[in-house]
Amino acid sequence: MFNYWGIFLITLILIPNIFFAFMQKDSFSDLWQNKTIEAFEQVGRYGCIFFMIITIPGTGLKWENLKSFYYLITGLLSLLYFILFFFLINKKSLVSALLLSIIPSLVFLFSGFFRNSIFLMVSALVFTPCHIAISVMNNYILWNRYNGPVLLYAKKNKDSFQVISQGSTEIRTFEYNGIKYVMKIPSQIGSGLSSFWTMLNRIFDFSLSQHYGSGRLEYIYSVLKDNGFIDLVPFVVADETCAIFRFVEGKAFADEHFPMTEDNAYRLGAFAGFMHNILPAKKESFEKQGKFWKKVLFHISERIKETGFFSDTLRTFENIDFVTQKNVLMIADMCADQFLYDENHRIKYLVDFDACVTGPVEWDLTFWKKFVPDWENFKKGYEQFGEMPDFEEWSWYFETLMGTN
């Protein structure tokens with residue numbers, strides 16, 4: 001039997017979450033990445049939702065004379081949560097994290113108690129500590145990102161740091177408490193974006209400031225760092241103005257094509273296979289996949305206006321019906337100069353994963369093949385994690401797309 005009051009309360013709690021998740025797609029990332037706590041939290045969450053909506057036989061209001069009190073308490077708590085959500089969701093404070101996790105927990109606990117539902121009570125008791133722990137730890141990570149002492153020091157003293165590179169990002173080095181760091185500052189913003197970053201903005205709604213400031217860079221680092229094949233330069237902290245990494249020793253490689261050494265190709269293939277087959281990527285509907293290609297066409301048409309070239313390319317692109325086999329986590333500008341190497345040209349670190357987006361597997365494999373000379377060993381490494389998708393019929397299109405930039 002349906003509990004219509006429970007349905008109303010759940011709706012009141014979920015509406016702002018759904019609205020915000022739709023408007024800010026990357027803002028609900030679990031930065032803590034504690035899979036055990038997250039699993040219990042999800043079990044408790046869905047248990048609470050189910051038992052709030054469905055009345056199990058033998059349960060119901062325990063004390064009829066307290067019906068009004070039950071309605072008043074749970075209704076006011078849910079309404080308070082609904083209102084506070086819009087004021088506090090972007091506040092990076094412990095108080096906001098606690099309020100937005102404790103209030104819905106109290107709604108579930110009170111409902112379980114007053115409705116004499118042991119199932120709802122157990123679900124709420126599982127959900128409450130896990131949900132609060134995740135909220136507090138995510139808030140701590142966000143607090144460190146915005147208020148961490150290294151970040152504050154770097155932002156205050158950046159003009160005194162040595163500039164070692166200038167491009168789409170300005171790269172500076174500095175020392176803090178005896179440790180050497182690298183500071184990356186987006187230097188091309190707004191109308192000053194390069195054609196490559198303009199492309200990412202048009203096709204993926206992507207900007208470096210958003211990438212740094214939304215928590216997505218932390219998420220990308222957290223899921224890539226444990227791949228077991230390629231080390232990442234250690235990420236420290238970021239906000240919308242800059243990102244800070246630990247300084248690592250290594251040699252740059254000027255060519256876009258990876259050097260042929262004993263195991264570079266195999267390790268790169270395993271790294272790509274890990275990204276494509278192990279890491280979660282957003283599931284895209286057929287309609288959204290279609291929108292992806294529309295955005296590609298839009299970008300090319302805008303480049304025609306900007307340069308006067310590529311008109312034949314646009315007509316060719318308009319005549320195809322592209323639907324990706326799957327969307328994967330990929331680094332859109334993957335090539336050899338994104339890495340550091342040792343004296344023997346063996347890969348040491350991936351240092352540039354700024355342009356990491358969710359995109360077509362065909363795009364990513366096109367550029368892996370373009371820049372990895374030893375494709376046979378790359379494929380062996382890749383197929384540790386799954387069969388390599390067919391992609392070569394689309395390679396010309398993605399190479400041409402990147403070539404327009």
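Analyst: Lys 184, Asp 352 and Asp 354 are joined in a network of salt bridges. The model is a predicted one, in which local features need pLDDT of at least 70, side-chain atom pairs count only at pLDDT 80 or more, and totals for chains, interfaces and linings use all residues. Residues are numbered from 1 along each chain as its sequence is written, and side-chain values use heavy atoms, with hydrogens and water left out.

User: Why is the contact of Lys 184 with Asp 354 called a salt bridge?

Analyst: The term requires a side-chain nitrogen of Lys or Arg within 4 Å of a carboxyl oxygen of Asp or Glu. The closest N and O atoms of Lys 184 and Asp 354 are 3.0 Å apart, and the pair therefore qualifies. Lys 184 lies in strand E3, whereas Asp 354 lies in the loop between strand E9 (347-350) and strand E10 (356-360), 170 residues apart. Helices (H or I, at least four residues) and strands (E, at least two) are DSSP runs numbered from the N terminus. The whole structure holds 16 salt bridges.

User: How do you know whether Lys 184 and Asp 354 are buried or exposed?

Analyst: Buried means under 20% relative accessible area, exposed over 50%, and partly exposed in between (1.4 Å probe, protein chains only). Lys 184 has 5% and Asp 354 has 2%, so both count as buried.

User: Where do Glu 306 and Arg 303 lie, and how are they separated?

Analyst: Both are in helix H11 (residues 286-307), and because they are 3 residues apart, about one helical turn separates them. An α-helix has 3.6 residues a turn, so residues three or four places apart point the same way. The closest N and O atoms of the pair are 2.9 Å apart, in a salt bridge. Glu 306 is partly exposed at 44%, and Arg 303 is buried at 12%.

User: How do you know how many disulfides there are?

Analyst: A disulfide is a pair of cysteine sulfur atoms within 2.5 Å, and a search of the whole structure finds 0. For Cys 242, the nearest cysteine sulfur, that of Cys 356, is 19 Å away. The sulfur of Cys 335 is 14 Å from its closest counterpart, in Cys 356, which is too far for a bond. Cys 242 is buried at 1%, as is Cys 335 at 6%.

User: What makes the span of helix H2 close to the expected one?

Analyst: The expected span is 1.5 Å times one less than the number of residues. Helix H2 (residues 35-53) has 19 residues and reaches 27 Å from its first C-alpha to its last, close to the expected 27 Å. Its buried residues include Glu 41, Gly 44 and Phe 51.

User: How is the lining of the second largest pocket divided by class?

Analyst: Ala, Val, Leu, Ile, Met, Phe, Trp, Tyr, Cys and Pro count as nonpolar, Asp, Glu, Lys and Arg as charged, and the others, Gly among them, as polar. On that basis the lining has 20 nonpolar, 10 polar and 10 charged residues.
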